[in-house]
Amino acid sequence: MRDIGIGSDLLGWYDTHARAMPWRVGPAERKAGIRPDPYRVWLSEVMLQQTTVAAVDGYFRRFTTRWPDVGALAAAEDADVLAEWAGLGYYARARNLLKCARRVVQDHGGRFPDTRDALLDLPGIGTYTAAAIAAIAFDEPATVVDGNVERVIARLHAVETPLPAAKPELTTLAARHTPRDRPGDHAQAMMDLGATVCTPRSPRCTECPLRGTCKARTMGIASELPRRAPKKTKPVRQGIAYVGLRADGAALLERRPDSGLLGGMLGWPGSDWSEAAPEAAPPVPADWRELPSEVRHTFTHFHLLLRVRTAILPQDANPDRGEFVPAGQFRPGDLPTVMRKVHDVASRARATD
Ligand code: SF4
């Protein structure tokens, strides 16, 4: 027995307030019998992990134009996919994307499996993503709990346990609300409600379809929930990046190892990144000059301060690491964000020389 009923109120709200997104089949289209394409649902859910809807929009459109189905993506060159992914961050996702597409083609005849458990068996698909694809693409009554849903549920039930310890409790409560009818629309309605009405700082309770049953609203503590355990401070690591260009404009770049941070991505050669002062590690002997500006970038587990050294390299330079990419083939947009920041700092310094 559910202690709080939200189903018809929430779905009724979703029927008129659903956000339009390039990967979404809206409630009116669903009622007209249009089914979501599992490839597009999967691709959007992988892109949306750790990334905002606004940031994903352009990437999703470019990916689906270039690779319109899972077979096309499975046949793509790794370097092309990584370059198209550049800037979205969390690059292990792009490598897993390719592995998953190839598994779907090889093991499932190019069709995504339609249950949460079978989806969980694919590379890069964890509990959340499997539930989201099962619910949205296949209307399986899987419980989908992202940050937006956690917030709505914590408020609806006035859960005061701080996150992340509250996660199991919130998942259990969210599961009680998952309907057998329209579970895909329910999952998307919860996400939309959290993103547009039950927002983190100032929930718009007067516009909320759940205001009549929401415990946190009644108690006057909506904007205080969900509570969070204090965050640990991130350590600061340091490093040196070397921007070497030849007189013909070719750039010295290296592809990072497949495993680890920024795995498989192109970047400027550099030192290790550590909390101790970095050791110089030029990829080739040259008159390296350090720029006055440094690059700051924050990864999930640490902040990075990157000093930037630049040099014009001789035409016959023979580097220990990396290779020269001719000026006409070098696209800064193919670099991950931290390496693009290095490029921008070096370009600005050249422009003011
Ligand atoms: Fe969130 Fe307010 Fe709606 Fe409760 S009533 S779910 S706090 S927006």
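Reader: Which residues line the second largest cavity?

Author: Rolling a probe the size of a water molecule over the atoms shows where empty space is left. Here a cavity is a set of points, on a 1 Å grid over the protein atoms alone, where a 1.4 Å probe fits but cannot get out, and lining residues have an atom within 4 Å of a point. In this predicted model, the second largest cavity is lined by Ala142, Thr143, Val144, Val149, Ala174, Thr178, Pro183, His186, Ala187 and Met190. Helix H12 (residues 183-196) supplies the largest share, four residues; helices are DSSP runs of H or I, at least four residues, numbered from the N terminus.

Reader: What should I know about the numbering and the cut-offs on confidence?

Author: Residues are numbered from 1 along each chain as its sequence is written. Local features need pLDDT of at least 70, side-chain atom pairs count only at pLDDT 80 or more, totals for chains, interfaces and linings use all residues, and side-chain values use heavy atoms, leaving out hydrogens and water.

Reader: How do I read an aromatic pair, say Tyr39 and Trp42?

Author: A pair of aromatic rings is described by the distance of the centres and the angle of the planes. Rings of Phe, Tyr and Trp (its six-membered ring) pair if their centres lie within 6.5 Å; planes under 30 degrees apart are stacked, over 60 edge-to-face, the rest tilted. The structure has nine such pairs. Tyr39 and Trp42 make a tilted one, 5.9 Å centre to centre with 40 degrees between the planes. They sit about one helical turn apart because they are three residues apart in helix H3 (residues 38-48).

Key:
Helix = DSSP H or I, 4+ residues; strand = E, 2+ residues; numbered from the N terminus. 1 Å grid on protein atoms, 1.4 Å probe; cavity = no way out; pocket = protein on both sides within 12 Å on 5 of 7 lines; lining within 4 Å.
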